[in-house]
Amino acid sequence: MKTTSIINVGLLGFGSAGRIYHAPFLNAYAGYRLSKVRTTSTSPEIHARELHGHTQVVATSGAIFDDPEIDLVVVAAPNSLHHSLAKQALEAGKHVVVDKPFTLTVAEADELIELAARHKRVLSIYHNRRFSSDFRTVKKVCESGMLGRIVEYEAHFDRFRNSIRAGSWKEDEGPGGGIFYDMGTHLIDQALQLFGLPEAVRADLRVQRTGGQSCDSFEVVLEYPNLKATLKGSMLAKEPFPQFTVFGDQGTFMKYGRDVQDDALRQGVVPHLGPDWGLEPENFWGRINTQVNGLEINGIVRSELGNFGDFYRNIHGVITAGADLLVRPEEAREVIRIIELAEESSRQRRTLPFER
């Protein structure tokens, strides 16, 4: 446990993940000091606009691993590098946060979990979508019992871009590319938070865009004894589907609209603790149609407040005060198990059991 309240951070990667989803929260909360950033970018404008004056831009990862002042390393590099960089950071005695997906294989995840335990270091994965407004709302509705027994759940993460982005590692055929590893990871984690581990996995992973090399369409079905959870994503969804639809034996809940933090962060809005950060507009609120104790209810459900920064507040509490870790690496490992099974299911075109 760290004896001082300031955590010095080294950030590996300053692409969209590091620049949009990690650095703003590390800069916004007083308990962190973003000391060093490893990036291949040479743009002084970017550094001046998005990094504070105390942040040093370094050319090598070793400059972070070898710095005794660095307490926490955040790995926001391409997916294929997550395992190797996290391993080096743990071996250097650092606490580690890895952007999702945790690793590319279960074997890699197991190695990192064992390393963290051996070195007595905190290891967590940035499943920030647990802290989004839409998922918090869905979780509260499911737990309220207002829909009765949940029998079916469907979650989407769709976009529309029919062109291939040249030079993007997410678009090539290399390991860890495609939207399944990108956004499917979040949907799997959310489903496991709601319903636990499934009994079986069925998946259809496709490349639909002309010239595409990596998965740009997925449908994954998690099968439970009395429940089906369907997770879908597409790069060719010109008209939006509901983000979430939940069917119970007493009613239905449906919600459109993606969490507002995404657009705010991409526009450079600084995260803050005020009442309007992560607050969804009324047109994003979900609709419920159900029956509770003979009373018919048909109306809207005010969205819960979202805040990705709650992840980093928890990490600070874990490192400095021994708080319970909200996103445990063992949970993220199960997400990777689902991904591996889904890929195999799609290849074999059959349902595969999830071994307990």
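This is a predicted model: local features need pLDDT of at least 70, side-chain atom pairs count only at pLDDT 80 or more; totals for chains, interfaces and linings use all residues.

Visitor: OK, new topic. Which residues touch the most other members of the largest nonpolar core?
Guide: Those are Phe-102, Tyr-153, Val-220, Leu-222 and Leu-231, out of 68 residues in that core. Helix H7 (residues 179–195) gives the most to it, with 10 residues.

Visitor: What lies apart from that core?
Guide: Another core, with 32 residues. Among them are Ala-23, Phe-25, Ala-264 and Phe-311.

Visitor: Let's talk rings. How many aromatic pairs turn up in the whole structure?
Guide: A search finds 14. One of interest here is Tyr-21 with Phe-308, a tilted pair with 6.3 Å centre to centre and 50 degrees between the planes.

Visitor: Where do Tyr-21 and Phe-308 lie?
Guide: Tyr-21 is in helix H1 (residues 16–28), while Phe-308 is in the loop between strand S14 (295–301) and helix H9 (309–321), so the pair ties together parts 287 residues apart in sequence.

Visitor: Are those two buried or exposed?
Guide: Tyr-21 and Phe-308 are both buried. They also belong to one aromatic cluster, together with Phe-25, Tyr-29 and Trp-277.

Visitor: What lies over the face of Phe-354?
Guide: That would be Arg-337, at 4.0 Å from the ring centre.

Visitor: Switching to the backbone: which peptide bond is cis, if I look around Pro-101?
Guide: The one from Lys-100 to Pro-101, with omega near -10 degrees. Pro-101 lies in the loop between strand S5 (95–99) and helix H5 (106–119). For background, most peptide bonds are trans, and most residues other than glycine have a negative phi.

Visitor: Then what is phi for Asn-293?
Guide: It is near 50 degrees, a positive value, and Asn-293 is not a glycine. Asn-293 is in the loop between strand S13 (286–292) and S14.

Visitor: Why does Asn-293 count as exposed?
Guide: Because its relative accessibility is 81%, and the cut-off for exposed is over 50%.

Visitor: And what about phi of Arg-349?
Guide: Arg-349 has a positive phi too, of about 55 degrees, and is not a glycine. Its place is the loop between helix H10 (329–348) and S15. Arg-349 is exposed, with 77% relative accessible area.

Visitor: Which residues line the largest cavity?
Guide: The lining includes Arg-129, Asp-134, His-156, Phe-157, Gln-243 and Arg-258. His-186, Leu-187 and Gln-190 are also among the lining residues.

Visitor: Where does the largest share of that lining come from?
Guide: From H7, with three residues.

Conventions: Residues are numbered from 1 along each chain as its sequence is written. Side-chain values use heavy atoms; hydrogens and water are left out. A nonpolar core is a set of buried Ala, Val, Leu, Ile, Met, Phe, Trp, Tyr and Cys residues joined through side-chain atoms within 4.5 Å. Buried means under 20% relative accessible area, exposed over 50%, partly exposed in between (1.4 Å probe, protein chains only). Helices (H or I, at least four residues) and strands (E, at least two) are DSSP runs, numbered from the N terminus. Rings of Phe, Tyr and Trp (its six-membered ring) pair if their centres lie within 6.5 Å; planes under 30 degrees apart count as stacked, over 60 as edge-to-face and the rest as tilted. A charge sits over a ring if NZ of Lys or CZ of Arg is within 6 Å of the ring centre and within 35 degrees of the ring normal. On a 1 Å grid over the protein atoms alone, a cavity is a set of points where a 1.4 Å probe fits but cannot get out, and a pocket is an open set with protein on both sides within 12 Å along at least five of seven lines; lining residues have an atom within 4 Å of a point.
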